[in-house]
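Reader: I would like to learn how to read a model like this one. Where do we begin?

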Amino acid sequence: MLARRVRTSMGAVVVTVLLIGVGSYAFVRHMRVQQAELKSEDDRRAAEEDRRAAEAEANRKLEEAGKQRQAAEQERQARAAAEAEAKRKSDEVEQQRIAALRVAEEEGKRAEAEARTRYAALVSQGNTDSKAGNYDRAIADYNEAIRLDPKSAVAFIGRGDAYTNKGDHDRALADYNQAIRVDPKSALAFSDRGVAYANKGDYDRALADFNEAIRLVPKSAHAYRNRGVLYVHKGDNDRAIGDFNEAIRLDPNNALAFCNRGKLKLNINDASGNADIAKARQLDPSVCQ
């Protein structure tokens with residue numbers, strides 16, 4: 001009986017041990033499962049945190065990139081605005097420059113027109129004064145005209161004529177020379193210089209100038225008349241008459257040509273000279289006195 005109890009007790013112990021072992025195994029298994037679940041949860045949470053961190057970083061970078069783009073756009077707009085303002089100011093300055101140039105150009109044209117008008121008036125007044133015998137006043141007029149236009153052959157010729165009429169042949173020559181330098185094709189300048197040379201007794205140079213004047217302007221009655229006078233000084237009456245005839249043909253109102261031809265005809269006992277002198281006085285009462 002005792003032995004059975006012992007066995008029974010031993011069996012109970014074994015069962016108890018077995019139960020305890022099974023329970024421990026289950027407990028350990030449960031703990032492992034629980035730990036696995038906890039680790040999995042931790043991993044999930046870590047992954048979620050990593051995802052959120054990555055997403056936050058991505059958002060941060062996107063935001064930063066957006067800010068950079070915005071800053072770049074603002075900088076571009078500021079640069080464009082600065083360039084536009086610079087261009088506006090440059091255009092404004094250019095417009096002001098052009099406007100100033102136009103004003104200066106208009107003022108220059110106005111001043112030039114006034115100078116031309118004043119110059120023409122002075123030359124006209126000089127011609128009037130010279131014709132009236134006011135040679136000094138005429139010279140003053142031509143001086144002012146030359147100051148306004150230093151390249152005026154007409155003014156130099158006019159002043160030279162005034163000096164010729166005053167008997168100042170050297171100054172007259174200087175003015176005719178200047179007129180020819182200014183205008184090498186001025187037949188009037190050559191013709192009048194020929195008169196100055198003739199007045200100084202240099203007939204060869206005078207003849208050369210008259211010939212050049214006629215070459216430049218074959219219809220210059222003035223040059224033919226002057227050359228005719230020279231031929232009278234040289235004693236070549238036929239050529240003198242021929243030149244006076246041509247001067248009258250070219251200019252039927254050339255009083256001096258009629259006067260010169262009339263006097264020459266009378267000198268060679270040609271009574272028709274009286275008619276020439278009468279015609280000269282009819283055309284200009286101041287000649288052939």
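Author: With surface. Accessible areas come from the Shrake-Rupley method with a 1.4 Å probe. The model here is predicted. The protein exposes about 19200 Å². Carbon and sulfur atoms supply 53% of that area.

Reader: Which secondary structure elements does the protein have?

Author: Ten helices and zero strands. The radius of gyration is 61 Å, while the globule rule gives 19 Å for 289 residues, so the protein is more spread out than a compact globule. The C-alpha atoms fill a box of roughly 215 × 30 × 30 Å along the principal axes.

Reader: How many disulfides are there?

Author: The test is a pair of cysteine sulfur atoms within 2.5 Å. The count comes to one. Cys259 is joined to Cys288, S to S 1.7 Å.

Reader: Which parts of the chain does the pair of Cys259 and Cys288 tie together?

Author: Cys259 sits in helix H9 (residues 255–267), and Cys288 in the segment after helix H10 (273–283), so the linked parts are 29 residues apart in sequence.

Reader: What is the handedness of the disulfide?

Author: Look at the torsion about the S-S bond. For Cys259 and Cys288 this torsion is about 125 degrees, so the disulfide is right-handed.

Reader: Are Cys259 and Cys288 buried or exposed?

Author: Both Cys259 and Cys288 are buried.

Methods. Residues numbered from 1 in each chain as written. Predicted model: local features only at pLDDT ≥ 70, side-chain atom pairs only at ≥ 80, totals over all residues. Heavy atoms only, no water. Helix = DSSP H or I, 4+ residues; strand = E, 2+ residues; numbered from the N terminus. Buried < 20%, exposed > 50% of the residue type's maximum accessible area, 1.4 Å probe, protein only. Rg over C-alpha atoms; globule rule 2.2 N^0.38 Å.
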